[in-house]
Amino acid sequence: PALSRIQNIYDFEHIASRVLTDVAWNYYSCGAEDEITLRENHYAYQRIYFRPKCCVDVQNVDTSTTLLGSETSVPFYVSAAASAKLGHDDGECSIARGAGKEGVIQMISSFSSYSLEEIAEARIPGATQWFQLYVNEDKNIVKKTIKKAEDLGMKAIFVTVDASSRGNREKDIRMRITEDHDELDDDHSVRAGSTSGAMPSFIDKRLSWDEVKEIISLTKLPVLLKGVQRTDDIEKAIDIGCQGVVLSNHGGRQLDTSPPPIEVMAESVPILKAKGKLDPNFNIFIDGGVRRGTDILKALAIAGQDCKVGVGLGRPFLYANTGYGEKGVRKAIQILREELKADMRLLGVNTLDQLDSSYIDTRRLIGR
Ligand code: FNR
């Protein structure tokens with residue numbers, strides 16, 4: 001269908017389900033085991049209601065903000081997702097161009113279909129890219145990878161910490177067995193194309209807080225932990241000098257029945273605030289199940305101005321890139337930006353920094 005007929009983010013998903021190969025569709029869409037976390041990630045947002053403010057002059061709504069010091073036209077970013085080439089020949093490069101042209105930040109996966117050099121090359125002048133790091137068992141590889149990310153102009157390192165083992169994604173596994181497909185080593189073991197077995201594992205099962213400290217000491221870039229799921233781990237991240245965390249369960253692809261990140265956010269931010277642990281400049285990002293402007297505004301409102309919030313979307317950009325490439329990515333961003341603007345007007349806010357917990361009712365979410 002023509003892009004002009006696409007109304008919302010779900011439309012891209014529907015189209016992708018029809019044009020992708022079975023292998024690719026199952027790989028992108030699946031979650032771990034019973035897919036409870038996959039579903040709840042999104043449903044949890046529906047348990048939050050707004051408390052819109054009336055009679056506010058909202059002629060000049062502005063969706064722009066800064067994330068980790070970089071300007072962005074919207075408070076959301078493209079999250080790291082492996083193997084974008086399964087959906088479009090230009091893979092992460094067309095995502096880079098689409099995001100960059102819309103003033104949106106792209107987080108690049110360690111397991112992208114294109115090399116980091118190629119994706120950096122596709123960056124639009126002035127656009128921002130972040131690098132997602134899977135910590136290799138070999139410390140030299142970690143050092144070299146971080147150095148390369150710095151040299152190629154990446155502006156932050158996101159260390160993924162929810163993948164000490166591969167999630168049990170049964171649909172995906174079943175497909176690989178039937179199709180004998182071994183290219184989709186996204187999150188784990190050895191990257192496709194490398195001599196299997198000969199290289200150390202891409203995911204360090206021993207990854208510890210000490211190693212995170214070492215990574216922080218290796219780079220001047222901000223280091224954030226992606227995949228944090230409990231309050232005390234946010235606290236540890238603060239204590240060892242991380243610039244932030246991403247509350248995430250890897251889009252429901254890792255431990256099934258992990259909590260929806262928005263619930264973790266609603267629980268942890270007030271606790272950390274009460275303990276005096278939160279600095280307004282500390283970054284608590286969130287991803288998983290975000291599909292609407294309203295979802296994004298809810299995440300921002302929960303944290304208010306107690307910390308900095310960025311909202312990541314994974315699958316929506318893989319789907320938008322599928323078939324349409326750069327244009328699809330741009331369209332997805334435009335749709336979400338228009339939703340955000342309309343929702344902000346209806347909510348009675350002009351700028352994102354006006355959002356706070358007075359704009360939402362979380363009683364159905366956290367039971368009080
Ligand atoms: C991912 N995600 C991911 N995360 C990461 O840190 N490194 C990676 O290589 C990948 N790869 C990946 C592949 C695919 C196909 C998906 C769907 C996801 C997780 C991603 O960054 C993000 O946490 C989730 O996708 C967020 O959930 P939604 O937006 O897809 O619901």
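Predicted model: local features only at pLDDT ≥ 70, side-chain atom pairs only at ≥ 80, totals over all residues.

Reader: Good to know. So is Thr257 buried or exposed?

Author: Thr257 has 12 other C-beta atoms within 10 Å, so Thr257 is exposed. Thr257 sits in the loop between strand 9 (244-247) and helix 10.

Reader: What about its backbone, what is the phi of Thr257?

Author: Phi of Thr257 is near 65°, which is positive although the residue is not a glycine. Most residues other than glycine have a negative phi.

Reader: Nice. Now a loop residue at the other end of the scale: where is Tyr45?

Author: Tyr45 is in the loop between helix 3 (36-43) and strand 1 (49-50). Tyr45 is buried, because 22 other C-beta atoms lie within 10 Å.

Reader: What does Tyr45 touch, leaving out residues up to four places away in sequence?

Author: Tyr45 touches Ile262, Gly289, Asp295 and Lys298.

Reader: Let's switch to helix packing. How do helix 10 and helix 11 cross?

Author: Their axes come within 9 Å and cross at roughly 15°. That angle makes helix 10 roughly parallel to helix 11, and the crossing is left-handed.

Reader: Which residues meet there?

Author: Ile262, Met265, Ala266 and Val269 of helix 10 meet Lys298, Ala299, Ile302 and Ala303 of helix 11. By class, that contact has seven nonpolar residues, no polar ones and one charged. Ile262 and Lys298 are also among the residues that Tyr45 touches.

Reader: And how does helix 9 pack with helix 10?

Author: Helix 9 (residues 231-239) and helix 10 (residues 261-274) pack at about 50°, with axes 9 Å apart. The two helices are therefore oblique to each other, and helix 9 passes helix 10 in a right-handed crossing. Thr231, Ile234 and Glu235 of helix 9 make the contact with Glu267, Ser268, Ile271 and Leu272 of helix 10. Those residues divide into three nonpolar, two polar and two charged.

Reader: How many residues of helix 4 are buried?

Author: Ten of the eleven residues of helix 4 (residues 91-101) are buried. They include Glu92 and Arg97.

Reader: What do those buried residues pack against?

Author: Strand 4 (76-78), strand 5 (106-108), helix 5 (116-121), strand 6 (129-133), helix 12 and helix 13 (325-347). After helix 4 comes Gly103, with a positive phi near 70°.

Reader: Last topic, the ligand. Which residues are closest to the ligand?

Author: Ser79, Ser109, Gly251, Gly314 and Arg315 are the closest of the 28 residues around it. Helix 2 (22-29), strand 11 (311-313) and helix 12 (315-321) each give two or more residues to that shell.

Reader: How does the shell divide by class?

Author: Nine of its residues are nonpolar, 13 are polar and six are charged.

Conventions: Residues numbered from 1 in each chain as written. Near = placed C-beta within 6 Å. Helix = DSSP H or I, 4+ residues; strand = E, 2+ residues; numbered from the N terminus. Nonpolar A, V, L, I, M, F, W, Y, C, P; charged D, E, K, R; others polar. Axes fitted to C-alpha atoms, helices over the stretch in contact; angles between N-to-C directions. Parallel < 35°, antiparallel > 145°, perpendicular 65-115°, else oblique. Left-handed = near helix turned anticlockwise from the far one by under 90°. Contact = placed C-beta atoms within 7 Å. Buried ≥ 20, exposed ≤ 12 C-beta atoms within 10 Å, placed from the backbone.
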